[in-house]
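Open the structure in your viewer and keep the selection tool at hand. We will go from stop to stop, and at each one you will hear what to select and what is there.

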Amino acid sequence: MKRIIKKVAVLGSGVMGSRIACHFAGTGLQVLLLDMVTKGAEESTKPTERNKLVNDALQAAVTSNPSPVFTKEVLKRITTGNFDDNMKDIATADWIIEVVVERLDIKQLVYEKVEQFRKPGTLITSNTSGIPIHLLSEGRSEDFKKHFCGTHFFNPPRYLRLLEIIPTPGTDPAVIDFLMHYGDLYLGKTTVLCKDTPAFIANRIGVFSIMSIFHIMEKMGLTIDEIDALTGPIIGRPKSATFRTADVVGIDTLVKVAKGVAENCPDDEARDIFSIPAWLEKMVANNWLGDKTGQGFFKKEKSKDGKKDIQVLNLSNFEYEPRKKPKFATVETAKPVDDLRQKLKVLVAGTDKAGEFYRSFHYALFSYISHRIPEISDELYRVDDAMKAGFGWEIGAFETWDVLGLAKTTEALKAAGYSVAAWTEEMIANGFTSFYKVENGKRLCYDVATKNYKAIPGGDNFIILHNHADKLLWKNSACKLYDIGNDVAGLEWNTKMNSIGGEVLEGIQKSIAIAEEKFKGLVIANEGANFSAGANVGMIFMYAIEQDYDELDIAIRMFQNTMMRVRYSSVPVVTAPHGLTLGGGCELNLHADKVCAAAETYIGLVELGVGLIPGGGGTKEFVLRASDELHNDEPETITLKDRFFSIATAKVATSAHEAFDMGILRKGHDEVVMNIERRIAEAKKSVIELFDAGYVTPQQRKDIKVLGKLGLGAMLAGINGMWRAGYATDHDTLVARKLAYVMCGGDLSEPTLVSEQYLLDLEREAFLSLCGERKTLERIQSVLTSGRPIRN
C-alpha cells in the first residue's frame, strides 16, 4: 500500500517525547502530543489545568538550548492534550510513537488504550532504548503486531542523526522498508536496521567503548582530564569526549545500560568490561549523576571574581579540583596533521603513554565489534553508521580498522592478547585487505554471509565527492574537481575550516571554465564539518597590517569577480552547504543558481563581527534582492532596513529554514534537504534539471533601485540612536554608517536605478577603508588568535 504520513501522535512529553514532537513538526507534519492529566487536576474541567504537564514540558523543550525547532513557527503544528481526554484523537494519526517511562507494565497499559482508538494499518512504534521490542507487543492484536516495531531516536533528536529501526518477528517487512526510507528522506536520519538485542547497536558499542576506557584508565593510572584530552576531537570524536559525554547523558543512564548488557548478554566474551568500577558505584550512591544533578565528573562553581569555574573530580580522593591541561608528545606530534586518517596512524604509533592508551583502546574496540557480527547486525557497515550518527564519531570503528591496516592491526591486537571473530580471520586469510572499498564512485562493504564485497544500499542517493577520486579532473593544493557522473562536475576544497582564499577562488574559476566546456553544470560542496567559515581573514590581516592596499584591492576584486563568475556562468552552478556557512561562504551561496542546503545549515553575513562589511558581493546582493521584492510588490517583503540589520548585527540563521525568513535562501527556488548525506545528490539532480530546462546565462543587472539620501537619512538616524543609547560603540557606528552608505547606493539625491558593478565598487571601497581601522585589525587579530570563526 502507498503510505502517506500527514499526522503523528507522540505519547509521552518528557525530554525525548517533546523533542521528537518538535522534530516531526519541523518537517511539516501535524503533531498531537499527549501525556498524563496533570497531578492534582484530575477533577478539573479546564483543559489548561488538565494539560499543564504536557504544555510545561513542550515549553521547556522549546526554550532549551540547543533549540529543538528550526523556527518558532513550527509550534503552530503541535496540538497538546492528555491520555484521558484526547487519546481518541489518535484515530486520525498515521503514525503513533510511544515515548513514556521505561517500564514494561506502563507501556503495556498505554498500548491497551491505543488499541481502543487506533485505526487499522496505522504505524505504532516505541522509542524504548532498553526493553526488548518483542516483549512490548505481546498480547496485542495481529494488526497492531504487524505495524509495530522499535524506532529509537537519540537525544537531541533534531541534531543527533541516528534512528535505529528494530523489528519484531511479527513486524510486516513493508513497514520496516517504509520506516527506513521515511526516516532517511523526510526526517533527515541515518536509519540503521537493528536486531532486537540488548542496547541495540549504538548503545551496545558506545557504552562498551566508554566502559573499556574506564578500565584502561584505571590500569594505566590516567586522570579524567587526560582521558578527555585523548578521546575528543583529536581522534574525530565530539568535544565532550568521554567523561563530559557521561555527564550529559547521565551517569545513572550509563550504569543502567552497562548493567543491562552484563545481565542480559551472558555469552558476551567481554562481559566483564561492563562491570561497574567501585568509584562509579559511589558516584551513583552520592547522586553525582552529571548535569541533571549539578555535578558528576565535572562541577561548575563560581570563582572568587564571580566567574564560572569548571572543576574536575579526582577519583582517588573524590574531591573536585581545578582542571589541568595535559600534554602528550604523541598528541603534540599529531596536532599539525589535518587529515584525520593520517592523524590516527600517528597517534596509534606513539611511543609514550598516549600511544599505549590508543593501542589498548582500539585493540579492545576492534575485538569487540568483530564478535558482534552477526549478533547485533548482519552487516558491519550498520555498526559504523550507528556510531557516526548516534555518538558523533567522524570515522566508524570498522573504518578506523581499515585506516590502521586490517591485517597489520589484527596481528598486533592478537599479540597484545585480544581476539577477533572467526569470520575476520577467514576474511584476511582469503586475501581481503579492507572492510570497505570504492569502485566506480560507489562504496562497497565486506559482507560476512556471502564472503565478498556488496554495494551499500542507497548509494546512488549519497554522493561522496572523494569517492570519485578515479575521475579527478583538476586540482590545486586546496581544491579538487571531479566528474561525478551524468555530465556533472563536483568541486570541493580542504582548507582550515574550509576558509576561502586565493587557491579556492582559483579553483572555483577553473571549475566553472571546465564545466562550461565539457559538462552540464557544476556542484560546489565538501565533506568537511562545515561548508565554509568564510574568507581567509589571515590574508586580509597580513595585507592590512602591512598597509599593502593595492594587493588588498586585487584580492577583494578577485573575490567579487569569482562570485559574479558563479552568477553569470554559461552552465548552472548549484551549491550544497551544510554546517557553518559564514561570510564569504554565504556570499558564494547568494550568487549560485540554486542552493540545496542541509537543514542544519547555519548561514549569515558575519563580517561586521570583525569591523568589516561583506565585500564579496554579499552587500550588493542584499540590496538587489530588496529592490526586486519592492518592485514586485511581494507580500512577504524583507525590506532594505531588515537586510541592513541582518548584516549590521552579524545575524546567523540557526537553520536553513530560518535562512528563508532572513532572505538568504529564496522561497520557491532554493531547497532544504533534511538528510545532510543527500544534499550533494540533490544538488546534482538540480544541475541536470536546470540544464535540461534550457538554462540560459542571466544578464548582469542594471536596474537595481537604491534610495540614496532618502534611505540613508533614515538609516543614519537609527544608527545614531543606537549609539546614543549605548548599544553601539564608536567603531560599530563607523562600520554601520559605511554599510548604510553602500546599501543606499551612496548619497544620491533621489532614488536611482544602478548596476551591480556600481554597488560592487561601493562595497569594495568601504571594505578597503575599514581595513585601515585600528579596531578592525584588533578584532581580526582576536579571531585569528582564538582559531574560531567570526560570529556576532
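**Stop one: a ring pair**

Select Phe24: its relative accessibility is 0%, so Phe24 counts as buried. Keep in mind as you look around that this is a predicted model. Phe24 and Phe153 form an edge-to-face aromatic pair, with 6.1 Å from centre to centre and 65° between the planes. Phe24 belongs to helix H1 (residues 15-26) and Phe153 to strand S6, so to speak a link between distant parts of the chain, 129 residues apart.

**Stop two: the sheet**

Stay with strand S6 (residues 148-153) and select strand S7 (residues 162-167) too: the two run antiparallel and are joined by five bridges. Look for Gly150, which stands opposite Ile166 in S7. Then show the whole open sheet, eight strands in the order S3-S2-S1-S4-S5-S6-S7-S8 with mixed pairing. At its edges you will find strand S3 (78-82) and strand S8 (190-193), each pairing on one side only.

**Stop three: the nonpolar core**

Which residues touch the most other members of the largest nonpolar core? Select Phe297, Phe357, Tyr358, Phe398 and Trp423 to see them, within a core of 115 residues. Helix H9 (residues 202-220) gives the largest share of this core, 11 residues.

**Last stop: charges over rings**

Select Arg237 and Trp393: Arg237 lies over the face of Trp393, at 3.5 Å from the ring centre. Finish with Lys282, which lies over the face of Phe318, at 4.3 Å from the ring centre.

How values were computed. Residues are numbered from 1 along each chain as its sequence is written. This is a predicted model: local features need pLDDT of at least 70, side-chain atom pairs count only at pLDDT 80 or more; totals for chains, interfaces and linings use all residues. Side-chain values use heavy atoms; hydrogens and water are left out. A nonpolar core is a set of buried Ala, Val, Leu, Ile, Met, Phe, Trp, Tyr and Cys residues joined through side-chain atoms within 4.5 Å. Buried means under 20% relative accessible area, exposed over 50%, partly exposed in between (1.4 Å probe, protein chains only). Helices (H or I, at least four residues) and strands (E, at least two) are DSSP runs, numbered from the N terminus. Two strands pair if DSSP finds at least two bridges between them. Rings of Phe, Tyr and Trp (its six-membered ring) pair if their centres lie within 6.5 Å; planes under 30 degrees apart count as stacked, over 60 as edge-to-face and the rest as tilted. A charge sits over a ring if NZ of Lys or CZ of Arg is within 6 Å of the ring centre and within 35 degrees of the ring normal.
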